[in-house]
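Subject: Structure handover

Hi,

Here is the structure I promised to pass on to you. Have a look at it first, and then read my notes below.

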Amino acid sequence: MSCHRGALIVLEGVDKAGKTTQCKKLVAALQHSGRPAEVMRFPDRTTSIGLLINSYLQKDRELEDHAIHLLFSANRWELVPSMKKKIEQGVTVVVDRYAFSGAAFTSAKQGFCLDWCKTPDVGLPKPDLVMFLKVSPAEAALRGQFGEERYETSVFQKTVQQRFEQLMKDPSVNWKVIDASKQIQDVHEDIIGHSLSAITTAQSQPIGEL
Ligand code: DGP
């Protein structure tokens, strides 16, 4: 077992930015270079809270906006023990969406302020690095139609993007903006570069809190 902790690395972005592809490629590259790494994703639809979230996203169930916000956060909290355990064992955890999606998506709804939206996630393990995969709305449109799930409209996604821009002004979070309109392999190389330096820095620092 490694004597250093792993890093917590998050990929964020609007839908169609390529987060899932890039998370998988990052984990594979880290493992290939002998660095233990695992992927996690939020929402994790496999838990009982996750099943509720899934039925909400698929529009099989209606839930009050504050209530679903708290459920998304609870879904992150319920996985904190396993996430921390992995990191302490030296595994770098690469996360497909995290608390920033939570704040960006709910605050894009009418009547929600960003500060209220951030509150339930205060105290979650703080990522050592958050990469925002940035694509223009035009580029996202070229990547195909949105699906049928809730939130998958270009008007809503545009507001989400603006909320992310506000969140990225927080200097207490190590944000890096990645130009995700490039070729998959070029985006991957940018991501690997940032990740390797975050892994090195994390080794000498305790896990922080949001
Ligand atoms: P994905 O499985 O990555 O496609 O994400 C599912 C959808 O849920 C996506 O449109 C983003 C949204 N989402 C992710 N996390 C949260 C959250 O914490 N709160 C809200 N309101 N939406 C979220």
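A word on cut-offs before anything else: I call a residue buried under 20% relative accessible area, exposed over 50%, and partly exposed in between. Cysteine 113 has 46% relative accessibility, so this residue counts as partly exposed. Please also keep in mind that this is a predicted model.

Let me stay with the cysteines for a moment. How many disulfides does a search of the whole structure find? The answer is zero. Cysteine 113 is in no disulfide, and the nearest cysteine sulfur, which belongs to cysteine 117, is 6.5 Å away. The cut-off for a disulfide is a pair of cysteine sulfur atoms within 2.5 Å. Cysteine 23 is another one to look at: its relative accessible area is 1%, and because the limit for buried is under 20%, cysteine 23 is classed as buried.

Now to the ligand. Where does the ligand sit? You will find it in the largest pocket. Around the ligand there are 13 residues, and the closest are Arg45, Arg76, Arg97, Gly102 and Thr106.

- Arginine 76 has a polar side-chain atom 2.9 Å from an oxygen atom of the ligand.
- Tyrosine 151 has an N or O atom in its side chain at 3.1 Å from a nitrogen atom of the ligand.
- Aspartate 15 has an N or O atom in its side chain at 3.2 Å from an oxygen atom of the ligand.

As for how much of the ligand is covered, it exposes 500 Å² when taken alone, and the protein buries 93% of that.

Which helices each supply at least two residues of the shell around the ligand? They are helix H3, spanning 65-78, and helix H5, spanning 99-107. H5 gives the largest share of that shell, with four residues. Alanine 99 is part of helix H5, and with a relative accessible area of 5% it is buried, because that value is under 20%.

Finally, some backbone details for you to check on screen. The peptide bond that runs from phenylalanine 42 to proline 43 is cis, and its omega is near -5°. Proline 43 belongs to the loop between strand E2 (37-41) and helix H2 (48-57). Its relative accessible area is 15%, so proline 43 is buried. From the C-alpha atom of proline 43 to that of lysine 85 is 19 Å, and the two are 42 residues apart along the chain.

Positive phi values turn up as well. Lysine 59, a residue other than glycine, has a phi near 65°. Lysine 59 lies in the loop between H2 and H3 and is partly exposed, with a relative accessible area of 48%. Tyrosine 151, already mentioned for its side chain at the ligand, is not a glycine either, yet its phi is positive at about 80°. Tyrosine 151 is in the loop between helix H7 (137-142) and helix H8 (154-167). Is tyrosine 151 buried or exposed? At 12% relative accessibility, tyrosine 151 counts as buried.

Happy viewing, and best wishes

Technical notes: Residues are numbered from 1 along each chain as its sequence is written. This is a predicted model: local features need pLDDT of at least 70, side-chain atom pairs count only at pLDDT 80 or more; totals for chains, interfaces and linings use all residues. Side-chain values use heavy atoms; hydrogens and water are left out. Buried means under 20% relative accessible area, exposed over 50%, partly exposed in between (1.4 Å probe, protein chains only). A residue is near a molecule or strand if one of its heavy atoms lies within 4 Å of it. A polar contact is a pair of N or O atoms within 3.5 Å; within protein, one must be able to donate a hydrogen and the other to accept it, and residues adjacent in sequence count only if both atoms are side-chain atoms. Accessible areas come from the Shrake-Rupley method with a 1.4 Å probe; for residues, only the protein chains shown count as cover. On a 1 Å grid over the protein atoms alone, a cavity is a set of points where a 1.4 Å probe fits but cannot get out, and a pocket is an open set with protein on both sides within 12 Å along at least five of seven lines; lining residues have an atom within 4 Å of a point. A molecule sits in a cavity or pocket if more than half of its atoms lie within 2 Å of its grid points.
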